[in-house]
Amino acid sequence: MSEVSLKSILERWHKSSCHLLDLRFLNEHNDRRIIPSTCIPYDELDKRQFELPHKSLPFSVLEPRGNEGIAKTLLIDRGWNVQWVFIESEELWKTGRELGIVEEDEGSKLCEPKRKWILFQPCPFLVNTINLIEESLRNANRENMTFKCLDIACGSGRDVSWLCLRQSVEWRVTAMDAMDGAISRTRQLAEGLGVLHKIQTIHAKILSDGTLKLLSSSIEDTDENKSLMLSSNLDFPTEGYDLILCVRFLCRGFFGTMEKMVKSGGFLLISTFVDDKLHAYDKPKGESHRLKPGELEKTFHENFEILQDKIELMDDGRPVNSFLARKR
C-alpha cells in the first residue's frame, strides 16, 4: 500500500467517525496510539467481548505487527461488522502523525492516554435522556455538581462506566448485581476506563418479595459499605439517590423500595421487557419478567412526574418499555 493511498484511507476513516479497536498489548498502546481508539489486546478479546459494540454496528481494527489476519479470525468470522483493518507499521505511524491523529508518550516513561474512548453502546434510552436528567439536577443543586446513582442489575457495567466518564457533572455510582461474573466485569471495565474510584459494587440479589440478600463478601470493605451490611441482608438508605437505573430487569416487589430511594427531584429510569401485544419473542418468558403496557405509569404516577413512557425496540427486535420519571 503506497503512502498516498494509506493517507487517503486514513483520512476517509477519520472522517467516518468509525471507532477503532487496537488489538496490540496495552503498553504498546500507551506508548503510541491512533486517536480515537480503544485498546483490547487480542489475547484478552474472548473474555472482554462485552466491551465490543453490537454486531450490527461498524468499527475498525488495528492489528499488531506480525499478527496480520487476526481481525478476520477473532472478529469478522464471528459476525462483527469490521469495516477497516489497519496493520501496524512505521508507515502507518508516519502518515498518522502527518494527519495529527497519533498520540505518543512524552518521554521515556509510558503515559496513560489523555482521553478514554469506548466501543460499547450504553442503554440508548439513558443516552437519549441523560442531558435532560443532568440539566434538571444542576438547576436544582447549584452548589453541588456531584450526584449519586444506583444501578440495579448492572450487568457488565457498561451504563455506569459510561456515566462516570461524563464531564458535565460528577457521578458516584453503586452498581449491584446477583451474578459474581457481572460484578467482576463491571470492576474490570471501570478500572480500564479509569473510573473505578467512582463506582461501588455490591454482590447482592433482589428476592421476589423485594428484600435484598448479600451473596458474598466481595463488597468493598469501606465504612459506607459496612453501613449497608446488616447481618445477611442489605439496608439501603430510605432516600438518597439522584438517579436509579433499572435496565432489562424486573422485580415488582422492589418497586416500593425504588420509589423511596429516589431523592425529591431525582429520577427513576427503567427500560425493560414488555408484552406490547405486537411483537412475539421467546426470552425472557412469563409475566414475572415482562411488564404490561401502562404498568409503570400506574405504579409511579402518584409520587412522580412522568416525563417519558414509551415502547422501543432493541437491536434484536424485542420490545422494551422505556420510562423516565422525576420524583415530586
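A nonpolar core is a set of buried Ala, Val, Leu, Ile, Met, Phe, Trp, Tyr and Cys residues joined through side-chain atoms within 4.5 Å, where buried means under 20% relative accessible area (1.4 Å probe, protein chains only). The model here is predicted, so to speak of local features takes a pLDDT of at least 70 and side-chain atom pairs count only at pLDDT 80 or more, while totals for chains, interfaces and linings use all residues. Residues are numbered from 1 along each chain as its sequence is written, and side-chain values use heavy atoms, leaving out hydrogens and water.

The largest nonpolar core has 32 residues, and those with the most contacts inside it include I133, W171 and L269. Helices (DSSP H or I runs of at least four residues) and strands (E runs of at least two) are numbered from the N terminus. At least two core residues come from each of α5, β7, α6, β8, α7, β13 and β14, with α5 giving the largest share, five. Apart from this core lies another, of 27 residues, among them I206 and Y241.

Now for α5 itself. Its buried residues are F125, L126, T129, I130, I133, E134, S136 and L137. Of these, F125, L126, T129 and I133 are touched by L269 (heavy atoms within 4.5 Å). α5 also bends by about 45 degrees at I130, taken as the angle between axes fitted to the seven residues ending there and the seven starting there.

Then there is E51, in the loop between β3 and β4. E51 is buried, at 6% relative accessible area. Beyond its close sequence neighbours (within four places), E51 contacts I40, L119, F120, Q188 and L189.

Note on methods: Buried < 20%, exposed > 50% of the residue type's maximum accessible area, 1.4 Å probe, protein only.
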